[in-house]
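Hello,

Here is the structure I promised to pass on to you. Please open it and keep it in view while you read the notes below.

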Amino acid sequence: MKGQMDTEMGKIIVDEDVLAKYAGSAAVECFGVVGMASVNVRDGIVKLLKRDSIRHGVNVTLENDKLLIELHIIVAYEVSILAVAENLVDNVKYKVEEYTGMEVGKIVVCVEGVKVIN
């Protein structure tokens, strides 16, 4: 899947990895998000991703010319998951639309774990 925009000067094609990195970077900036998670479906193991592997915690697809973004996150302990998710959706939607010029149709937040922060 590649994102595509038509402009008066031609066509712009954005790779899925670029869109996923934008969304992942915007997500980890949000209060209460410890990081992105990678889930091993076979073993059911959740792993906190390092900053350079952020893309693996994000799935981006294109449906009806709109982006569908799925974020797998780990939240901080004693932080409202609902508040974190609402802030996350607003922040990611704004930043992805602002920087790419593509419309975000839906954002799904999957909380994969909780981590105690000292």
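What follows is a short tour of the charged pairs, the aromatic pair and one further residue.

First, some ground rules. This is a predicted model, in which local features need pLDDT of at least 70 and side-chain atom pairs count only at pLDDT 80 or more, while totals for chains, interfaces and linings use all residues. Residues are numbered from 1 along each chain as its sequence is written, and side-chain values use heavy atoms, with hydrogens and water left out.

Let's begin with the charges. Side chains of opposite charge can pair when their charged atoms come close. How many salt bridges does the structure hold? There are three, where a salt bridge is a side-chain nitrogen of Lys or Arg within 4 Å of a carboxyl oxygen of Asp or Glu.

One of them joins the side chains of E29 and K95, at 2.3 Å from N to O. This pair links distant parts of the chain, 66 residues apart: E29 sits in the loop between helix 1 and strand 3 (33–40), and K95 in helix 2 (residues 81–100). Helices (H or I, at least four residues) and strands (E, at least two) are DSSP runs, numbered from the N terminus.

Another salt bridge is formed by the side chains of K66 and E103, at 3.6 Å from N to O. K66 belongs to strand 6 (residues 66–76) and E103 to the loop between helix 2 and strand 7 (104–115), so this pair ties together parts that are 37 residues apart in sequence. Both ends are partly exposed: K66 has 34% relative accessibility, and E103 has 42%. (Buried means under 20% relative accessible area, exposed over 50%, and partly exposed in between, with a 1.4 Å probe and protein chains only.)

K93 and E97 also meet in a salt bridge, at 2.8 Å from N to O. These two are four residues apart in helix 2, so about one helical turn separates them.

Now for the rings. The structure holds one aromatic pair. Y22 and Y99 are stacked, 5.6 Å centre to centre with 25° between the planes. (Rings of Phe, Tyr and Trp, its six-membered ring, pair if their centres lie within 6.5 Å; planes under 30 degrees apart count as stacked, over 60 as edge-to-face and the rest as tilted.) Y22 is partly exposed at 36%, whereas Y99 is exposed at 54%.

Finally, look at E16 in helix 1 (residues 16–28). E16 and L62 are 46 residues apart in sequence and 9.3 Å apart in space, C-alpha to C-alpha.

Enjoy exploring!
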